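Subject: Structure handover

Hello,

Here is the structure we discussed, with notes on what came out of it to follow. Please read them with the model open.

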Amino acid sequence: MTDWESRYRTGDTPWEKGKAAPPLIEFLGKMEASIWGEGPILVPGCGLGHDVRALGGLGPDVVGVDISESAVERAAKFPQVGKETYELGNFLDPEWRKGRKFSAIWEHTCFCAIHPGDRANYAEAAAGCLKDGGLLAGVFFLNPYDPGEEEEGPPFGAAIGEIEETFSPWFERFDGWVPTAAYPGREGREWIALFRKGTKR
Ligand SMILES: C[S@@+](CC[C@H](N)C(=O)[O-])C[C@H]1O[C@@H](n2cnc3c(N)ncnc32)[C@H](O)[C@@H]1O
């Protein structure tokens, strides 16, 4: 199991790019702000919080949660953009989400960071803390590996069908596309998907 705290403490954080995910910026430019609902918005596995601050400009409260204390502490030191807060917590822990209801979740490199065996727990966690009709928007890493590279995560890749299957007990997908904007090296390897939480369960 990955020791995320130790990765931040030792600076072994190749995912940390110093800015918000380009697909999120693309998404923000393409969609009406109202798609996020009235808030609060949740960013699980927020790391240093670049995406949290990009969403902070929308107006509603934005909560970043991360399992690494160092990440959360560092995130909180950045200048405030809007109504962002950062919390130390395990997104997969039902205790963490007890009593919380978000209007939207932004997923970026948390789903691919957790072990594939925990994906159903991720979907359950997302459904558990979203309001009915809430938005789960995310950029999913389809294929993190170069040809010939050993497929050893994290990051763990996921095919579009697997992602849809994982969320299908609670969510309906209503849009999806390969983003044109990406961090260098991730071009064509990601997929933006938008799901709406239904009332199936
Ligand atoms: C690959 S990093 C991505 C961080 C951030 N999204 C970014 O792109 O810079 C994965 C993040 O998820 C966090 N994480 C892993 N499992 C988690 C969990 N169960 N609950 C909350 N955060 C978690 C890690 O500490 C780490 O910050």
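Is glutamate 73 buried, exposed or partly exposed? The model is a predicted one, and in it glutamate 73 has a relative accessibility of 44%, so this residue counts as partly exposed; the cut-offs are under 20% for buried and over 50% for exposed. Glutamate 73 sits in helix α4, which covers residues 69-76. Its C-alpha atom is 26 Å from that of leucine 136, a residue 63 positions away along the chain.

Overall fold

The protein chain has 7 helices and 7 strands. Read from the N terminus, the order is α-α-β-α-β-α-β-α-β-α-β-α-β-β. The radius of gyration is 16 Å, close to the 17 Å that the globule rule gives for 201 residues, so the chain is as compact as a globular protein of that length. The C-alpha trace spans about 45 × 40 × 35 Å along its principal axes. Of the 201 residues, 48% are buried. Taking contacts between residues at least 6 apart in sequence, 67% join residues at least 24 apart.

Helix α7

Helix α7 runs over residues 160-167, and its buried residues are Ile163, Thr166 and Phe167. Viewed down the axis of α7, these fall within an arc of 85 degrees, so they line one face of the helix. In an α-helix there are 3.6 residues a turn, so residues three or four places apart point the same way. The cover over the buried residues of α7 includes α6 (119-128), β5 (130-141), β6 (171-177) and β7 (190-197).

Asparagine 143 belongs to the loop between β5 and α7. With a relative accessible area of 35%, asparagine 143 is partly exposed.

Cavity

The search gave 1 cavity of 30 Å³ or more. The space in the largest cavity is about 30 Å³. Its lining consists of Glu107, His108, Thr109, Phe111, Cys112, Val139, Phe140, Phe141 and Glu190. By class these are 5 nonpolar, 2 polar and 2 charged residues. Both β4 (102-108) and β5 supply at least two lining residues, and the largest share, 3 residues, comes from β5.

Regards

Technical notes
Residues numbered from 1 in each chain as written. Predicted model: local features only at pLDDT ≥ 70, side-chain atom pairs only at ≥ 80, totals over all residues. Heavy atoms only, no water. Buried < 20%, exposed > 50% of the residue type's maximum accessible area, 1.4 Å probe, protein only. Helix = DSSP H or I, 4+ residues; strand = E, 2+ residues; numbered from the N terminus. Arc of directions from axis to C-beta. Contact = heavy atoms within 4.5 Å. 1 Å grid on protein atoms, 1.4 Å probe; cavity = no way out; pocket = protein on both sides within 12 Å on 5 of 7 lines; lining within 4 Å. Points joined across faces, edges and corners; volume = space filled by probe spheres on them. Nonpolar A, V, L, I, M, F, W, Y, C, P; charged D, E, K, R; others polar. Rg over C-alpha atoms; globule rule 2.2 N^0.38 Å.
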